[in-house]
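Please look over the sequence and structure below; the report that follows takes up ring contacts and then pockets.

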Amino acid sequence: MLDMRQVTKVYRTELVETHALRSLDLRVDEGEFVAVTGPSGSGKTTFLNIAGLLETFTGGEYVLDDVNVKGLDDNARSRLRNEKIGFIFQGFNLIPDLNLFDNCDVPLRYRRMPAAERRQRIEKALAQVGLGSRMKHYPAELSGGQQQRAAIARALAGSPRLLLADEPTGNLDSQMARSVMELLEEINMQGTTIVMVTHDPELAARAQRNVHIVDGIATDLSVEPSLSRAARVSA
């Protein structure tokens, strides 16, 4: 599903060279639920942006669903991202002037889907997250937990093979966070691959695997270090 080998990311200015990722190896198989943890500045966001085809990488190989993304032009990357990947952000990223139906509709319009298919997908996704009766509501009319569920529905409407979640419970209280986590677990049980970045050890423990990133290097905490397939480093 997702296979990164020796992936590096270097940010360069005239005076400074910053290594955000250092020879990162990580494989996520289809249907897995993987939590990615690590301190601030460790490279988690860079990893997630590269995984989501929002950033390019400096070196290494990245294969997404049997497609080698290295060397793809911007249009090809955009098509692959739109067809294969769904995003859930900590800040929800809902458009305040659009109701929930239209928020879910925006990314589908970019795929030039027929209106009938878009409606069917959106109604199904909103029903799945428990918001079927609120599709005409605006984000400001919803609680934080409901807004996050709407953001999940927006991602699900595109039928992604891979769901990338960046601190999806970071702006929620503990009860709402558990509710959102249960929803993600349910989505994963239905076959969607999920990679979730989180600072919450309790949530990370509920994933099938826990990958820890420090200084741009990934270590799979779910296996013995000698057997880890997640990180082998030439520092």
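**Ring contacts**

In this predicted model, the charged end of Lys-136 sits over the ring of Phe-101, 5.0 Å from the ring centre (NZ of Lys or CZ of Arg within 6 Å of the ring centre and within 35 degrees of the ring normal). Residues are numbered from 1 along each chain as its sequence is written. Local features need pLDDT of at least 70 and side-chain atom pairs count only at pLDDT 80 or more, while totals for chains, interfaces and linings use all residues, and side-chain values use heavy atoms, with hydrogens and water left out.

The structure also holds one aromatic pair. The rings of Phe-87 and Phe-89 have centres 5.9 Å apart and planes at 5°, so the pair is stacked (ring centres of Phe, Tyr or Trp, its six-membered ring, within 6.5 Å; planes under 30 degrees apart stacked, over 60 edge-to-face, the rest tilted). Phe-87 is buried, with a relative accessible area of 17%, whereas Phe-89 is partly exposed at 27% (buried under 20%, exposed over 50%, partly exposed in between, with a 1.4 Å probe and protein chains only).

**Largest pocket**

About 630 Å³ of space lies in the largest pocket (an open set of points on a 1 Å grid where a 1.4 Å probe fits, with protein on both sides within 12 Å along at least five of seven lines; lining residues have an atom within 4 Å of a point). Of the 23 lining residues, Arg-81, Asn-82, Ile-85, Phe-87 and Pro-107 are the closest to the centre of this pocket. The largest share of its lining, six residues, comes from α2 (a DSSP run of H or I, at least four residues, numbered from the N terminus).

Technical notes. Points joined across faces, edges and corners; volume = space filled by probe spheres on them. Helix = DSSP H or I, 4+ residues; strand = E, 2+ residues; numbered from the N terminus.
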